[in-house]
Structures are given as C-alpha cells and as structure tokens.
Amino acid sequence: MKNQYKIRKSEVVLYLQDQKGNITNEAVIDLMDLNLIKQFPNTWRLQSLKNRMEVRGTYRVEGEKKQTTLAKWILDFPKSPIYFKDGSTLNHKRENLTFEKPLKANKITIENNIGYLYINRRHEDDLKIKIDTDITHG
C-alpha cells in the first residue's frame with residue numbers, strides 16, 4: 001500500500017490520494033486489518049460511481065490489470081457485493097460491512113405542524129406526501 005495512514009486507538013485512518021498524490025479524503029479501517037491493507041501493492045483512491053463514492057485500487061495479476069474495492073480486499077470476497085450498514089462508503093470497519101443489502105426506510109418529518117411522509121421508490125426520487133398533523137379536526 002502506498003497510502004499514508006494514522007493509527008487512532010483501535011482504528012486506522014487511511015488517507016486517500018489522487019493520481020498526483022494529493023489527499024482527497026479519508027477512510028477508516030479496523031487496526032487488525034492494517035497488515036492486510038499494507039499488502040495491497042498500489043494506492044487506494046476515492047472513485048465516483050453513478051450516485052456514490054467508492055474506495056478502489058488497481059493492481060496487476062500476471063500482467064493483467066485488475067481493480068478491487070477496499071471492502072472486498074478486507075473481507076476477501078472479490079466477487080460478492082458488499083454493503084455499508086451506516087451508508088458511509090468511507091467506513092470500512094468490519095462491523096459496518098455486510099453482504100446483505102440494507103433496506104432504505106421510509107421517514108416522517110414534521111415542520112410547522114405539517115407532517116411529511118417520504119416513501120422510497122427504486123430508481124426515482126422519494127415520494128413526498130403531506131400529512132395534516134392537527135388532531136383537533138373531528
């Protein structure tokens with residue numbers, strides 16, 4: 001691994017770099033995974049994919065260029081999708097990594113006595129429904 005890092009108690013802050021070596025962001029891993037991450041031959045970078053950011057790295061196997069994610073490298077599951085329980089693609093602590101796709105919950109907010117229900121729709125914006133929260137109506 002060619003990234004700089006800082007050990008903080010039981011976790012490691014991994015400084016992500018661009019191609020010029022500038023630090024662009026930070027990822028967090030468990031301290032127990034530091035030696036595993038050090039075995040990666042190149043630099044971990046933050047890469048933009050569709051609607052999210054992902055920590056990725058490129059390496060070669062028998063002269064062929066391969067790419068992997070930091071999560072797949074840590075868990076050693078190169079062909080399985082890995083999800084982040086808290087939604088942060090920068091939190092690579094093992095307790096945050098899962099093979100189960102988390103369900104995105106609907107949410108309710110109240111502003112000035114008006115309730116709004118946000119319903120998740122796949123591949124579309126949330127549906128926003130206005131709800132009257134005044135219970136004095138009979």
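**View A. Trp44 has 0% relative accessibility and therefore counts as buried.** Buried denotes under 20% relative accessible area, exposed over 50%, and partly exposed the range in between, computed with a 1.4 Å probe on protein chains only. The model is predicted: local features require pLDDT of at least 70 and side-chain atom pairs count only at pLDDT 80 or more, whereas totals for chains, interfaces and linings use all residues. Residues are numbered from 1 along each chain as its sequence is written, and side-chain values use heavy atoms, with hydrogens and water left out.

**View B. Aromatic rings around Phe40.** Phe40, at 0% relative accessibility, likewise counts as buried. Six aromatic pairs are present in the structure. One of them, formed by Phe40 and Trp44, is stacked, with 4.0 Å from centre to centre and 25° between the planes. Phe40 also pairs with Trp73, in an edge-to-face arrangement at 4.9 Å centre to centre and 90° between the planes. Since Phe40 lies in the loop between α1 and β4 and Trp73 in helix α2, this pair ties together parts that are 33 residues apart in sequence. Trp73, like Phe40, is buried. Through ring pairs, Phe40, Trp44, Tyr59 and Trp73 are linked into a cluster. Rings of Phe, Tyr and Trp (its six-membered ring) pair if their centres lie within 6.5 Å; planes under 30 degrees apart count as stacked, over 60 as edge-to-face and the rest as tilted. Helices (H or I, at least four residues) and strands (E, at least two) are DSSP runs, numbered from the N terminus.

**View C. The largest nonpolar core.** This core has 21 residues, of which Leu14, Ile37, Trp44 and Leu70 touch the most other members. Two or more residues each come from β2 (11–17), β3 (23–30), α1 (34–38), β5 (52–61) and α2 (70–75). The most is given by α2, with five residues. A nonpolar core is a set of buried Ala, Val, Leu, Ile, Met, Phe, Trp, Tyr and Cys residues joined through side-chain atoms within 4.5 Å. In soluble globular proteins, nonpolar side chains tend to be buried together. When neighbours within four places in sequence are left aside, the contacts of Ile37 (heavy atoms within 4.5 Å) are Met1, Leu14, Ile29, Trp44, Leu70, Trp73 and Ile74.

**View D. The open sheet β1-β2-β3.** Three strands are arranged in this order with antiparallel pairing. β1 (5–8) and β3 stand at the edges with a single partner strand each, so one side of each is left without a neighbour in the sheet. On average, neighbouring strands of this sheet are turned by 25° against each other, direction ignored. Such angles are taken between axes, which are lines fitted to C-alpha atoms (for helices, over the stretch in contact), and run from 0 to 180 degrees between N-to-C directions. Two strands pair if DSSP finds at least two bridges between them. Antiparallel β1 and β2 are joined by four bridges; among the bridge partners are Tyr5 with Leu14 and Lys6 with Val13. In the hairpin of β1 and β2, with two residues between the strands, Lys9 takes a positive phi near 55°.

View E. Seven bridges join β2 to antiparallel β3. Glu11 stands opposite Asp30, and Val12 has Ile29 as its bridge partner. The hairpin of β2 and β3 has five residues between the strands, and Gly21 in this hairpin takes a positive phi near 90°.

**View F. The open sheet β4-β5-β6.** Three strands in this order make up an open sheet with antiparallel pairing. Its edge strands, β4 (45–49) and β6 (64–69), each pair on one side only. Neighbouring strands are turned by 45° against each other on average, direction ignored. Five bridges connect β4 and β5 in the antiparallel sense, and Gln47 has Glu54 of β5 as its bridge partner.

**View G. Lys128 and the ring of Tyr116.** Lys128 lies over the face of Tyr116, at 4.5 Å from the ring centre. A charge sits over a ring if NZ of Lys or CZ of Arg is within 6 Å of the ring centre and within 35 degrees of the ring normal.
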